[in-house]
Every structure is written in C-alpha cells, then in structure tokens.
Amino acid sequence: MTGSVPRLVVAAPSSGSGKTTVATGLMAAFAARGLAVSPHKVGPDYIDPGYHSLATGRVGRNLDAYLCGPELVGPLFAHGARGCDLAVVEGVMGMYDGAAGEGELASTAHVAKLLRAPVVLVVDASSQSRSVAALVHGFASWDPQVRVGGVILNKVASDRHEALLREALDSAGVPVLGVLRRAAPVETPSRHLGLVPVAERGAAAVAAVEAMGAQVAAGCDLDALLGLARSAGELSAAAWDAADVLGAAPPGPRRPEGPRPQTPDGLRVAVAGGSAFTFSYAEHSELLTAAGAEVVTFDPLRDEQLPDGTAGLVIGGGFPEVYAAELSANEPLRKAVADLAGSGAPVAAECAGLLYLGRELDGLPMCGVLDVTARMSERLTLGYRDAVAVSDSVLAVAGTRMRGHEFHRTVVEPGAGSAPAWGVRAPERRVEGFVQQGVHASYLHTHWASRPGVARRFVERCRTS
C-alpha cells in the first residue's frame, strides 16, 4: 500500500520539555475538530500511548526502530494510521537521542526520517530568551535529512517573554506555530517509572487530556500545523497485518499454497489487564488472535478466577509493586494462576508478570509459580538489550535472537533459574529469567511484531498442552 497520511513528529531538545503535553494536546484538539487522528509513540514507552488513546479514541501504538527494526517502522505506522485523516507521533527523549552506542538508531530523528515526516520542535523556554534562536537553529541544521517545520514554545512566562522569543526566532528561519503558558490542569503526576498510567487515574486523566487539548487549541495555529502535516513526503509501505505475517512462509521449505492453518475455535488466551498490568503492545493481542486464539482480558485486582476455558496466560508489565497488597489479597486468583501453570499450560510473563508469578513481592505472598522473591530497589534498571533464548520455551527455541527493553526498580532473587529465559550481551554478559514447564518469565519487554512466530508458537502450545 502506498499512503500519504498527513503526519507530524513532535520532538524536543530534551526530556521534560513538554512533548507529551503538546502531542496529546494536538491529538485531542484535532480530534475535537472531527478528524480521525492516529496516535503513535517513538520508543518502548507504554504509558504515553494510554494518554494518546484517551485523546483520540484509537489504540496508541509504538514505533521502535530498535525493538522491531527500521524496516518495520513504516509498515507498523501504516497499520495504525489506516483510514485516518492525520497521524501525530510523539518522540522520545531529546530529538537525536537513540539507543546507547548505536548512533541515531531508534531516535526521534531516525523515525522522522523513516516516516518522511516534518518535525515540530517543542522548546521549554522558561529560562531563556534570545538563546532560543541558537538552540532551534542547532537542532534544525544538525541533520539536513530532518525537516524541522516549526517550533512550539512551552512554559512561556508573559507577553513580554513571548515577544522576546519571537523576535529572536525571526532570524532562525523556523516559524513559531504555538506558544503555551504554564497551566496546572495539564500537569500529570509522576512516580518511580514515569507518568502515572491512565488506567489508574480515571476521571482525572480524562480531565487532564481535555485541558491539554484546550490549551493547545488556544495557543497553537492548528491550521498551520495541519498544513505542515500535509506536506509530509510520500510514504510507500505495505501496512503490517498480523494475519499476513503469520501466513508468511518460515525459513526453510516453502509452505504449500492453500488456506492458512487455523487453531480450533474457542481456544482462549487470557491477558492480564487492569490498573496493575497496563503495559502491553496492541500487536501482541492482534498476533494471538491471528494465530487462532480468542484473547480475553481479565483484571487480577478484581477477578477471582481466570476466564473460563483459559488455555494460556499472558501477563505483561505494569506496577504490581504499587498494588502488591491487593494482588496478594486475591488469593483465589493466585491459586488459579498457580494451578494453570502447574498443569503445564503456556504462561508468558514480562517484568510485572515475573514479579506476580514469584513467591513473594516486598514480603507479600504472590502466585508462587516461581521460587523467587522480589523487592523494590533504589536502582533503576533501564535500557535496550540484545538477547538470545537460552532454553527452549513456549515462546522460542534456544538460539532465537530477539531485542528487548528493561525498565524497572525491582530486584528478583535469584535472577535466573536453572533453565534461564535469555542470555543478555550488554551492558554486561549475563543470563536472566526462568523457563519452567510451560512458563516463560523474564524482566525483558519484547515486541512480538519483530518475531511473529512467537505468537504462533505460543498458541500452538496452548492447543497441545
């Protein structure tokens, strides 16, 4: 498919400049105009896409050139933006900050180039006036392949401050497309891993997104921004499709022509959700569905049993440490999870899921599937990882290479079982995670679009276990 969905990438010189406020506000403001807006986030972040979804009424999707490879950025974008009038892509960190030691890989600038999209630079102007011109000029001229089409000035103090900033930017050759003052209603609370997720804030999150949309609509030239989005280059990319990628022939002998094999109707895979488990990529459920499973979401904070007929279980990331007491108190569900795992059924757990499957978390009983204890730590573990499967599991055969991301302030002891899940090359060589019967549990967050066979293998194991 060749498409030219109008699109903008919202970038900034550094984290904390206001990218999320501006990107979410733009999404909400354009949606309020009646446009179908496709929301995207550069990098592995799970939290910002929740705010994007509130603003647009569509699934927030990630574009990660490290986890998925640069070749999938265009197809995944086209998949998410199919049928939309406009796409807004929120960047990550500073515009040119990418995977450590990998140059531009996975940076906002890299993704903007892959999408042939103009960039809107959000600048925190709170402590500068004329210097803003040097800053914007530097970012706009650093890489000639990145087109900075405008700037939005954030945290502007007064009319006088605005006048000084505009005067300085006249010489930079980059138009000012918006000016935003400080506004308490749009501030979003944070804690140890970033913003508090939408699922935990309820009406407060809705109100914050509405305030972001109103502030951006009042302070930005939406017509000029839409015009800039429509100037994006032609993007030729076949939209990613879960059924298509699962129907593709695997390495080795060519798959015979004919109908794709289907797993039996009614095969259920339960996926943990609710406030404690908010981290997931939409493509995972789409791949499981395409592989023949019925995906059913349950809430470990509220549901005392797994969905009827559960043949496999996926427990992604989130904040079980925040809800440890409530998770522990739900003893019937903890027993149901332990019984399912004990039966040999496939269970895939990432990060928060690993903690939930352990014996205890901060001294409170968890499911006891794995003989590990977990506790909060002062140390933040963060970064991309190159990994190789160490043990055959329900997700992959030993030797399968995959890229992942770690982001946690917890420690599990021991850090790996007798059959580890992954061998990790950097920042230090180590093994981590657990493969035990049908359980695959690890701190590593992965994006299955990069290895769709993971979903196929998981569903096949659900069918045969």
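Modeller: One term first: buried means under 20% relative accessible area. Also keep in mind that this is a predicted model.
Biologist: OK, with that cut-off, is Tyr46 buried or exposed?
Modeller: Tyr46 has 12% relative accessibility, which is under 20%, so Tyr46 counts as buried.
Biologist: And what is the ring of Tyr46 paired with?
Modeller: With the ring of Phe279. The two centres are 4.9 Å apart and the planes are at 5°, so this pair is stacked.
Biologist: Is Phe279 buried or exposed?
Modeller: Phe279 counts as buried, at 7% relative accessibility. The ring of Phe279 also pairs with that of Phe319: the centres are 5.4 Å apart and the planes are at 80°, so this pair is edge-to-face.
Biologist: What does the pair of Phe279 and Phe319 tie together?
Modeller: Parts that are 40 residues apart in sequence, because Phe319 lies in the loop between β14 (310-315) and α12 (324-329), and Phe279 in the one between β12 and α11. Phe319 is buried too, with a relative accessible area of 0%.
Biologist: Which residues make up the cluster linked by ring pairs?
Modeller: Tyr46, Phe279, Tyr281 and Phe319. The count of aromatic pairs comes to seven.
Biologist: Switching topic. Which residues touch the most other members in the largest nonpolar core?
Modeller: Met95, Leu115, Leu153, Leu225, Trp448 and Phe458, out of 114 residues in that core. The largest share of the core comes from helix α1 (residues 19-32), with seven residues. There's also a second, separate core of 37 residues, and Ala345, Ala349, Leu357 and Ala374 are among them.
Biologist: Back to Met95, what does it touch?
Modeller: Leaving out residues up to four places away in sequence, the contacts of Met95 include Ala11, Ala12, Pro13, Phe139, Val146 and Val148. Ser107, Thr108 and Ala109 are also among them.
Biologist: What about the backbone, anything to point out?
Modeller: The peptide bond from Glu413 to Pro414 is cis, with omega near -5°. Pro414 is in the loop between β19 (401-413) and β20 (422-424).
Biologist: Which residues other than glycine have a positive phi?
Modeller: Arg116 is one of them, with phi near 55°. Arg116 lies in the loop between α4 and β6 (119-124) and is partly exposed, with a relative accessible area of 49%. Asp362 is another, with a phi of about 50°.
Biologist: And where is Asp362?
Modeller: In the loop between β16 (360-361) and β17 (364-365). Asp362 is partly exposed, with a relative accessible area of 37%.

Terms used: Residues are numbered from 1 along each chain as its sequence is written. This is a predicted model: local features need pLDDT of at least 70, side-chain atom pairs count only at pLDDT 80 or more; totals for chains, interfaces and linings use all residues. Side-chain values use heavy atoms; hydrogens and water are left out. A nonpolar core is a set of buried Ala, Val, Leu, Ile, Met, Phe, Trp, Tyr and Cys residues joined through side-chain atoms within 4.5 Å. Buried means under 20% relative accessible area, exposed over 50%, partly exposed in between (1.4 Å probe, protein chains only). Helices (H or I, at least four residues) and strands (E, at least two) are DSSP runs, numbered from the N terminus. Contact means heavy atoms within 4.5 Å. Rings of Phe, Tyr and Trp (its six-membered ring) pair if their centres lie within 6.5 Å; planes under 30 degrees apart count as stacked, over 60 as edge-to-face and the rest as tilted.
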